[in-house]
Amino acid sequence: MAMESRNDTAQALAAAREALDRAEAAREAVLLRHIANGVQIDSRTVSIDETVQIAPGAVILPGTILRGSTVIGPGCVIGPNALIEDSTVGAGTTVNASQVYASQIGPHNNIGPFTHVRAGTATDYGVHLGAYVETKNSRFARGNTVSHLTYIGDSDVGKYCNFGCGTVTCNYDGQNKYRTTIGDYCFIGCNTNLVAPVSVGDGAYTAAGSTVTQDVPAGALAIERGRQANVEGWAVPKMEAYIAKKQRLEAEQASQD
């Protein structure tokens, strides 16, 4: 029985190796076809489905995975470590260390690093979606800048808007999802919460730290903050022990150096 078990294991391993060899050969054949067509691929760590289309002149960097009905335009730089599935990427766009699903990325966009572009996102020319930005079911007109740490879902964004760090469109109330509409040339301040359904008019500002629940007229400043109160001297007794501890540690480190 032991001998039969070892034989079965050996046969299973041999079959698995053959399957992996066939898969590797098929994967490499796809890479070679794109290279012959003028696509720059310098690493065997790239994986491209047979159904993917890539224009000549594109660069596919190590660790990139392209799946499904994806179309990559000319002059794009994809990767390193990017995953794009069932999406179109316009000419001259960079997708760096990010994931894109069922979306339409426009030309000369700059996506990443660490951007999560979820289904239904569509961007126009020259959009930047930066580090730790997540989008879903949203349209971005020309020239938008969303640099970092922001969630934009179920939104329609006009052209040349700037989003400060920490902006969130609050699109879901637990039962229904609502849309946010932002006009052209808007400046959305850091840590703004846009509670949908809500609209921000052309050329409007939102002040940093505001939770916006009402429509903002064009050219207006929306500001919603609690009143700040400073209690003089309140922190002194609470900080004495902490400061003394850190000063002792600093002195000890200095003496060791």
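This text walks through the salt bridges of the structure and then turns to one of its helices. The model is a predicted one.

Start with the whole structure. A search of it finds 8 salt bridges.

Take E50 and R33. These two residues form a salt bridge, and their closest N and O atoms are 3.2 Å apart. Where do E50 and R33 lie? E50 sits in the loop between β2 (47-48) and β3 (53-54), while R33 belongs to helix α1 (residues 2-36). The two parts are 17 residues apart in sequence, so the pair ties them together. Now look at how open each partner is. E50 has a relative accessibility of 54%, so it counts as exposed, because the cut-off for exposed is over 50%. R33 has a relative accessible area of 38% and is partly exposed.

Move along the chain to R118 and E134. Their side chains meet in a salt bridge, with 2.8 Å from N to O. R118 is found in the loop between β14 (116-117) and β15 (122-123). E134 is part of strand β16 (residues 128-136). R118 is partly exposed, at a relative accessible area of 29%. E134 is also partly exposed, at 26%.

Strand β16 also holds K136. Its partner is D154, and the side chains of K136 and D154 meet in a salt bridge of 2.7 Å, N to O. D154 lies in the loop between β18 (145-153) and β19 (155-157). The pair links distant parts of the chain, 18 residues apart. Are K136 and D154 buried or exposed? K136 has a relative accessible area of 10%, which is under the 20% cut-off, so K136 is buried. D154 is buried as well, with a relative accessibility of 5%.

Salt bridges can also join into a network. R139, D156 and R179 are linked in this way.

Finally, turn to helix α2. This helix covers residues 236-256, which makes 21 residues. From its first C-alpha to its last, α2 reaches 30 Å. That is close to the 30 Å expected at 1.5 Å a residue.

Terms used: Residues are numbered from 1 along each chain as its sequence is written. This is a predicted model: local features need pLDDT of at least 70, side-chain atom pairs count only at pLDDT 80 or more; totals for chains, interfaces and linings use all residues. Side-chain values use heavy atoms; hydrogens and water are left out. A salt bridge is a side-chain nitrogen of Lys or Arg within 4 Å of a carboxyl oxygen of Asp or Glu. Helices (H or I, at least four residues) and strands (E, at least two) are DSSP runs, numbered from the N terminus. Buried means under 20% relative accessible area, exposed over 50%, partly exposed in between (1.4 Å probe, protein chains only). The expected span of a helix is 1.5 Å times one less than its number of residues.
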